[in-house]
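Welcome to a short tour of this model. Please keep the sequence and the 3D view open while you read.

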Amino acid sequence: APLRAADPTRSISSWAVRFAASLEGVITVLSGMSTVDQVRDNLATMRGFKPFTAQESAAVRAAVDALNAIPTIPCTHCSYCTKGCPMNIAIPDIFSACNVETIYGNHALAQRSYGFAISRGHGSAADCIACGQCEAVCPQSLPIIDELKKAVEQFA
């Protein structure tokens with residue numbers, strides 16, 4: 001909402017590209033694109049590029065603050081935690097399902113995401129034996145065991 005209020009004509013992805021390109025010392029910005037419209041949007045964003053104004057920087061800070069206020073599990077999906085899990089739990093995928101419900105309030109979608117996470121031979125959150133292997137290797141120092149216990153309650 002803060003970005004739309006600052007400039008309703010810009011796409012959200014154009015804000016991201018301009019943010020990266022406005023950082024001091026950046027000479028190249030890579031953007032994943034999968035449609036011709038996305039290519040056009042990126043070209044339009046960078047044609048005649050101008051760094052962020054103070055007002056635009058404030059809008060980005062407001063958007064960051066709004067996103068940070070959402071109590072999600074800050075898992076980066078590095079998957080270090082899954083490599084040694086004796087129960088073969090797809091921890092990042094379970095956390096993604098938890099975050100879907102937190103962010104969108106859509107329990108049905110979150111439940112489907114959770115079901116997909118535990119399919120293909122992966123253990124469920126309830127299968128966690130609290131060995132701590134996952135927490136020992138998590139670069140984010142997440143309380144994985146506690147979050148898996150919450151996921152059990154969330155998707156029971």
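## A stacked pair of rings

Let's start with two side chains: tyrosine 114 and phenylalanine 155 are both buried (under 20% relative accessible area, where exposed means over 50% and partly exposed lies in between, with a 1.4 Å probe and protein chains only). Their rings have centres 4.5 Å apart and planes at 10 degrees, so the pair is stacked. Here, rings of Phe, Tyr and Trp (its six-membered ring) pair if their centres lie within 6.5 Å, and planes under 30 degrees apart count as stacked, over 60 as edge-to-face and the rest as tilted. Because tyrosine 114 belongs to helix α7 (residues 107–117) and phenylalanine 155 to the segment after α9 (144–154), the pair ties together parts that are 41 residues apart in sequence. Helices (H or I, at least four residues) and strands (E, at least two) are DSSP runs, numbered from the N terminus.

A word on the model: it is predicted, so local features need pLDDT of at least 70 and side-chain atom pairs count only at pLDDT 80 or more, while totals for chains, interfaces and linings use all residues. Residues are numbered from 1 along each chain as its sequence is written, and side-chain values use heavy atoms, with hydrogens and water left out.

Searching the whole structure turns up three aromatic pairs. In one of them, the rings of phenylalanine 19 and phenylalanine 52 have their centres 6.3 Å apart and their planes at 55 degrees, so this pair is tilted. Phenylalanine 19 sits in helix α2 and phenylalanine 52 in the loop between α3 and α4, so the pair links parts that are 33 residues apart in sequence. Phenylalanine 19 is partly exposed, at a relative accessible area of 40%, whereas phenylalanine 52 is buried, at 15%. Together with Trp15, Phe19 and Phe52 form one aromatic cluster.

There is also a charge to look for: the charged end of arginine 120 sits over the ring of phenylalanine 116, 4.3 Å from its centre (the rule asks for NZ of Lys or CZ of Arg within 6 Å of the ring centre and within 35 degrees of the ring normal).

## The buried side of α2

Which residues of helix α2 are buried? In this helix (residues 12–22), they are Ser14, Trp15, Val17, Arg18 and Ala21. They cover an arc of only 165 degrees around the axis, which puts them on the same side of α2; the arc is that of the directions from the helix axis to the C-beta atoms. Their cover includes α1 (2–6), α3 (36–46) and α4 (54–68).

## The largest pocket

The largest pocket holds about 310 Å³ of space. Of its 14 lining residues, Leu3, Ile12, Trp15, Ala63 and Leu67 lie nearest the centre. The elements giving two or more residues to this lining are α1, α2 and α4, and α4 provides the largest share, five residues.

On a 1 Å grid over the protein atoms alone, a pocket is an open set of points with protein on both sides within 12 Å along at least five of seven lines, where a 1.4 Å probe fits; lining residues have an atom within 4 Å of a point. Grid points are joined across faces, edges and corners, and a volume is the space filled by probe spheres set on the points.

## Two loop residues

Alanine 130, in the loop between α7 and α8 (133–137), has a phi near 55 degrees, a positive value in a residue other than glycine. Alanine 130 is partly exposed, with a relative accessible area of 43%. Serine 141, in the loop between α8 and α9, also has a positive phi, about 55 degrees, although it is not a glycine. Serine 141 is exposed, at 60% relative accessible area.

Technical notes: Contact means heavy atoms within 4.5 Å.
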